[in-house]
Amino acid sequence: MFDKALLISELHFKATRSSGPGGQHVNKTSTRVELLWSLDDSKVFSEEEKLRIRKKLAHRLTKENKLQLASSQTRSQVKNKEDVICRFFALLEVAIQVPKIRKKRRISRASHLKRLQSKKVQSQKKANRKKPES
């Protein structure tokens, strides 16, 4: 896979005020955590892996090839930081997977004949529903 400790050292975090309900607590504490990671500056991945990440996460990357994630699930900054890191790793694990190459297979002669036979049976069924020609 990849070196998670080195990757965490490349991350930048910013804590901001969370939105939504919560009363006075929301107005005075910065519990929302934003994660910022630069794909171009990363030393963890090879150029091939970076290209794959850029392609798979194109809709999530900014124009500067930076990934920005945020978490405001809980009222704890530490738990939000853990949550955003877990989501970040999950995203990257999916993005760097090499897609399987589809191998074209030929169907067996028996299955081909079986399919044609079932089509004939269905055709006969429908033909029998018609009024006979006089």
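This is a predicted model: local features need pLDDT of at least 70, side-chain atom pairs count only at pLDDT 80 or more; totals for chains, interfaces and linings use all residues.
Visitor: How confident is the predictor in the protein chain, as mean pLDDT?

Guide: The mean pLDDT of the protein chain is 91, and 98% of its residues reach 70 or more. Confidence can also be read element by element. Among the elements, α2 has the lowest mean pLDDT, 76, while helix α5 (residues 109-128) has the highest, 96.

Visitor: In what order do the strands of the sheet stand?

Guide: To read a sheet, follow which strand pairs with which. Here three strands make an open sheet, ordered β1-β2-β3, with antiparallel pairing. β1 and β3 are the edge strands, each pairing on one side only. From one strand to the next, the twist averages 20°.

Visitor: How many bridges hold each pair of strands?

Guide: β1 and β2 pair over five bridges in the antiparallel sense. Between β2 and β3 (residues 66-71) there are six bridges, and these two strands also run antiparallel.

Visitor: Which residues stand opposite each other?

Guide: T16 stands opposite R32 in β2, and A15 has V33 of β2 as its bridge partner. Now turn to β3. V33 stands opposite S71 in β3, and the bridge partner of S38 in that strand is K66.

Visitor: Is strand β2 largely enclosed or largely open?

Guide: Count the buried residues, where buried means under 20% relative accessible area. In β2 (residues 32-38), five of the seven residues are buried, so the strand is largely enclosed by the rest of the structure. S38 lies in this strand. Its relative accessible area is 14%, so S38 counts as buried. Leaving aside neighbours within four places in sequence, S38 is in contact with N65 and K66. S38 and V94 are 56 residues apart in sequence and 18 Å apart in space, C-alpha to C-alpha.

Visitor: Where does helix α4 lie?

Guide: α4 (residues 77-95) lies across β1, β2 and β3, and runs at about 140° to β3. Its length can be set against an expected value. With 19 residues, α4 reaches 27 Å from its first C-alpha to its last, close to the 27 Å expected at 1.5 Å a residue.

Visitor: Which residues of α4 are buried, and what do they pack against?

Guide: The buried residues in α4 are N80, V84, I85, F88, F89, L91, L92 and A95. The buried residues of this helix pack against α1 (4-9), β1, β2, α3 (47-56) and β3.

Visitor: How many residues are in the largest nonpolar core?

Guide: The general idea comes before the case. In soluble globular proteins, nonpolar side chains tend to be buried together. Here the largest nonpolar core has 22 residues, and those with the most contacts inside it are L7, W37, F45, F88 and L92. β2, β3 and α4 each supply at least two residues of this core. α4 gives the most, with seven residues.

Visitor: What is W37 in contact with?

Guide: Neighbours within four places in sequence are set aside. W37 is then in contact with L7, E10, L11, S42, F45, N65, K66, L67, F88 and L92.

Visitor: Where is F13, and what does it touch?

Guide: F13 is in strand β1. Its relative accessibility is 31%, so F13 counts as partly exposed. Not counting residues up to four places away in sequence, F13 touches V33, E34, L35, K81, V84 and I85. F13 and V33 are 20 residues apart in sequence and 6.7 Å apart in space, C-alpha to C-alpha.

Visitor: Is S18 buried or exposed?

Guide: S18 has 12% relative accessibility, so this residue counts as buried. The place of S18 is in the loop between β1 (12-16) and α2 (24-28). Its contacts, not counting residues up to four places away in sequence, are V26, T29, T31, R32 and S72.

Technical notes. Residues are numbered from 1 along each chain as its sequence is written. Side-chain values use heavy atoms; hydrogens and water are left out. Helices (H or I, at least four residues) and strands (E, at least two) are DSSP runs, numbered from the N terminus. Buried means under 20% relative accessible area, exposed over 50%, partly exposed in between (1.4 Å probe, protein chains only). Contact means heavy atoms within 4.5 Å. Two strands pair if DSSP finds at least two bridges between them. Axes are lines fitted to C-alpha atoms, for helices over the stretch in contact, and angles run from 0 to 180 degrees between N-to-C directions. The expected span of a helix is 1.5 Å times one less than its number of residues. A nonpolar core is a set of buried Ala, Val, Leu, Ile, Met, Phe, Trp, Tyr and Cys residues joined through side-chain atoms within 4.5 Å. pLDDT is the predictor's confidence in each residue, from 0 to 100.
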